[in-house]
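User: Got a structure here to go through. Can you walk me through some of the packing?

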Amino acid sequence: MRHRGEAAARYPYVGARIKLGGGQAWLQPSPPGGTPVGWLAGRWSVLSPGTEWRHLAASGAGAPREAGYMTLGRPDDRSGWVLAPVPHGAAFPPSGGGAVTAPPGVPVATAAVARFQQIAFLGLNRLAPGAEFDGAVVVGSGPVALGAALELARRGASTIRVAASRPYPPILTVPGTTRLPPGETPAGGAALVIDAAGTPQRAASLLAPGGVLGLLGTPPQTSGIAALAAHRGGWAVMGMHELVPAEPGAYQDAYTTTATWLADYLDSGLVSSWCRTVPGHLAPRTYRLLGSAARPAEPVILFDWEAT
């Protein structure tokens, strides 16, 4: 799929429902012409809290921008959800570069969570064969971290340590997860650490000699990892951005695998517990909470664009 900041510019859409400007989120009216013939109405959209909080803050000094990068629609109730890289609530054509389709019958919450697990699926595929997943550390507790923990569990990890600042984040209900408190380091370090929070220095401090550091979250431009420490520690540093070139069909195949696994092996109520549903017209209020202690605990936020 395309980069979150580029997706909307390349995938056709109409009727983005949220615009960021002046450090605030503004609700936009539905397009007067409705949904174009043959297109899908934006029924749901997914907010990625960390990414969109950064965009919201940046809008205080920059030009207004449309918000969001993942909207869901489908032609009828029997079809699978189509997830397109377009702004919140926008209508879009059912096929195009970057869209993926969930298997029919997969609930919307499962379809959304699987999209974040897909990111981890593609990233972990880049590790060397025989990589050790059991005992891995995931840094973060947001949607990308959730996807990483789920994908580690799918690949057989029975122990997954989560380095999170919150004491009881919902990610800890993923099978096999335990919390690694702030400031604590696994004895001897971890063979695999996945940074899903954009804090590579913190993640590197948890590595064992000869360990693998996976960069899944987006780090700030000013962040870095000490080359001398990596040299002496024998670390392998792996970029896990989802847009690294892949074979044709790889994104859809990865998404089908993760969505099917979630639907078949995890209780739908558990998957839904990782999502907060918000009526679309209340989206600006949710944006105001992102940088506060009142930010929703659930890692995935779903805006419902048909709710009154």
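This is a predicted model: local features need pLDDT of at least 70, side-chain atom pairs count only at pLDDT 80 or more; totals for chains, interfaces and linings use all residues.

User: Which residues in α4 and α7 meet?

Analyst: From α4, L150, E151, A153 and R154. From α7, T257, T258, W261 and L262.

User: And what is that contact of α4 with α7 by class?

Analyst: It has 4 nonpolar, 2 polar and 2 charged residues.

User: Switching topic. Where is I18 found?

Analyst: I18 is in strand β1, which covers residues 18-21.

User: Is I18 buried or exposed?

Analyst: Buried. Its relative accessibility is 0%, so I18 falls under the 20% cut-off.

User: What is I18 in contact with, leaving aside neighbours within four places in sequence?

Analyst: The list includes A25, W26, L27 and Q28. R65, E66, A67 and H88 are also among the contacts of I18.

User: How far apart are I18 and A67?

Analyst: In sequence, 49 residues. In space, 5.5 Å from C-alpha to C-alpha.

User: Now T286. Which helix is T286 found in?

Analyst: Helix α9, residues 283-289.

User: Why does T286 count as buried?

Analyst: Because its relative accessibility is 5%, and buried means under 20%.

User: Which contacts does T286 make beyond four places in sequence?

Analyst: T286 is in contact with V278, I301 and F303, leaving aside its neighbours within four places.

How values were computed
Residues are numbered from 1 along each chain as its sequence is written. Side-chain values use heavy atoms; hydrogens and water are left out. Helices (H or I, at least four residues) and strands (E, at least two) are DSSP runs, numbered from the N terminus. Buried means under 20% relative accessible area, exposed over 50%, partly exposed in between (1.4 Å probe, protein chains only). Contact means heavy atoms within 4.5 Å. Ala, Val, Leu, Ile, Met, Phe, Trp, Tyr, Cys and Pro count as nonpolar, Asp, Glu, Lys and Arg as charged, and the others, Gly among them, as polar.
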